[in-house]
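User: I've got a model open and I'd like to learn how to read it. Could you walk me through it?

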Amino acid sequence: MRRVLAILLGTILLLSACNRELTITEVEPEKIKQQVLEAIQPASSENVQMLYNPKRGRYIVVHASGPVTMSVEDQGTVVGVFIQDHPDDENEILRRYVFKLDYNRDYDSIQLYRNNLEIPFDNSSSY
């Protein structure tokens, strides 16, 4: 009985680890993979870039002069990605923010919003 219970518990843990929800998390600068760094386009103004690799995942790179936060929302067949800028009057230097987008099912598209306005990606490429 204990063996069956242990196998059942192990199976549940394994399946829950494989089931990634729709999430977006900021990647610390020192943990950004070299392939991702090489694919990031330099920015001279605020912009948003999508990097995609079918085996390694999706990254969204935001260049902004102030801090940003990101959130995602399941909109049926579309992933809604929301960028919220938090202006910093003292800082005019562009900073790079890298976010990893994970989801557990196929979506038809990704729709990007910045400060609640629908915008396109400035650049989209593979790495």
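Analyst: Happy to. Start with the elements: helices (H or I, at least four residues) and strands (E, at least two) are DSSP runs, numbered from the N terminus. Here there are two helices and nine strands, and along the sequence they run α-β-α-β-β-β-β-β-β-β-β.

User: What should I know about the model itself?

Analyst: This is a predicted model, where local features need pLDDT of at least 70 and side-chain atom pairs count only at pLDDT 80 or more, while totals for chains, interfaces and linings use all residues. Residues are numbered from 1 along each chain as its sequence is written, and side-chain values use heavy atoms, with hydrogens and water left out.

User: Which strands form the open sheet, and in what order?

Analyst: Two strands pair if DSSP finds at least two bridges between them. In this protein, five strands make an open sheet with mixed pairing, ordered β1-β6-β3-β2-β9. The edges are β1 (23-26) and β9 (123-126); each has a single partner strand, so one side of each lacks a neighbour in the sheet.

User: How does β1 pair with β6?

Analyst: They're antiparallel over four bridges, with β6 covering residues 95-102. Look for Thr-23, which sits opposite Asp-102 in β6.

User: And what share of the residues is buried?

Analyst: Buried means under 20% relative accessible area, exposed over 50%, partly exposed in between (1.4 Å probe, protein chains only). Of the 127 residues in this protein, 34% are buried.

User: How do I read contacts?

Analyst: A contact means heavy atoms within 4.5 Å. Among the protein's contacts with a separation of 6 or more, 67% link residues 24 or more positions apart.
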